[in-house]
Amino acid sequence: IHCALTMSFEAMFPALSDSYSSSAATGVSLLMTAIGLGSSIAVVFLALTQSEKINGTVILVTGIGSGLASMAVAFAPGIVTGFFATAVLGATTVGFMTIITVVFQQAAPDALRGRIFSVFLFHAGGVMAFGNLGNGILTDLYGAAWAFFFTGLVFTVGMMLSLGVPALRRLYTAGFAEEVIPAEAQ
């Protein structure tokens, strides 16, 4: 859901940049630079704060932040505020995916880690591709700002609702997922 709603922004950038700049190519380049800048800052920050106990909290905060940042991009009135909102979007989306990756790898048994993670990455990439298709259609129909707002709102509400799921609430508070034990090892 995260990949489809908050990470599938590339299809919306050309239309969004048209409202910011007379040159769509310049606007898209600046927005992609902002994504990269925010992403880089998030990854370095997360590497410096190595603590399993905060992983779940980081998932929750960056998940909600991803949705809110997407909505902030929708309301940004110009290229400067759009750049900063997009940098926050890059930081929160990549921060979320980084910690999710860590938690998945920690929860997977050593013998299955590569297989489990390859399915995870295949699934995430496919969902993101279809998310871009859907977001491109939403942008064509309603405009980029509305598409950013709608996808951000849906994901933010989803993250808030996830607090009602006991296993996810435990992840958010304990910071780790329980290890999956293969049936033959039990």
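Helices α4 and α7 pack with their axes 7 Å apart and at an angle of about 160°, where axes are lines fitted to C-alpha atoms, for helices over the stretch in contact, and angles run from 0 to 180 degrees between N-to-C directions. The two helices, α4 and α7, are therefore roughly antiparallel to each other, a label given to angles over 145 degrees, while those under 35 count as roughly parallel, 65 to 115 as roughly perpendicular and the rest as oblique. This is a predicted model, in which local features need pLDDT of at least 70 and side-chain atom pairs count only at pLDDT 80 or more, whereas totals for chains, interfaces and linings use all residues. Residues are numbered from 1 along each chain as its sequence is written, and side-chain values use heavy atoms, with hydrogens and water left out.

**Helix α4 against α7**
- The crossing of α4 and α7 is left-handed, meaning that the near helix is turned anticlockwise from the far one by less than a right angle, with clockwise giving a right-handed crossing.
- Among the residues that make the contact are Ile-59, Gly-63, Ser-66 and Phe-75 of α4, together with Phe-148, Phe-155 and Met-159 of α7, contact being heavy atoms within 4.5 Å.
- By class, the contact of α4 with α7 has 15 nonpolar, seven polar and no charged residues; Ala, Val, Leu, Ile, Met, Phe, Trp, Tyr, Cys and Pro count as nonpolar, Asp, Glu, Lys and Arg as charged, and the others, Gly among them, as polar.

**Helix α5 and its partners**
- The axes of α4 and α5 come within 8 Å and cross at roughly 150°, and these helices are therefore roughly antiparallel to each other.
- The crossing of α4 and α5 is left-handed, and the contact of α4 with α5 has, by class, 13 nonpolar, 11 polar and one charged residues.
- Helices α5 and α6 pack at an angle of about 150° with their axes 10 Å apart, and α5 passes α6 in a right-handed crossing.
- In that pairing, Met-97, Ile-100, Thr-101, Phe-104, Gln-105 and Gln-106 in α5 meet Arg-113, Phe-117 and Phe-120 in α6, which by class gives five nonpolar, three polar and one charged residues.

**Nonpolar cores**
- The largest nonpolar core has 20 residues, and those with the most contacts inside it are Ile-59, Phe-96, Met-97, Ile-99 and Met-159; such a core is a set of buried Ala, Val, Leu, Ile, Met, Phe, Trp, Tyr and Cys residues joined through side-chain atoms within 4.5 Å.
- The elements giving two or more residues to this core include α4 (52-75), α5 (79-107) and α7 (144-162), and the largest share, five residues, comes from α5; helices here are DSSP runs (H or I, at least four residues), numbered from the N terminus together with strands (E, at least two).
- Not counting residues up to four places away in sequence, Phe-96 touches His-2, Ile-59, Thr-62, Gly-63, Ser-66, Phe-155 and Met-159.

**Two single positions**
- Ala-69 has its place in helix α4 and is buried, with a relative accessible area of 4%, where buried means under 20%, exposed over 50% and partly exposed in between (1.4 Å probe, protein chains only).
- Leaving out residues up to four places away in sequence, Ala-69 touches Ala-85, Val-88, Leu-89 and Thr-92.
- Gly-164 lies in the loop between α7 and α8 and is exposed, with a relative accessible area of 53%.
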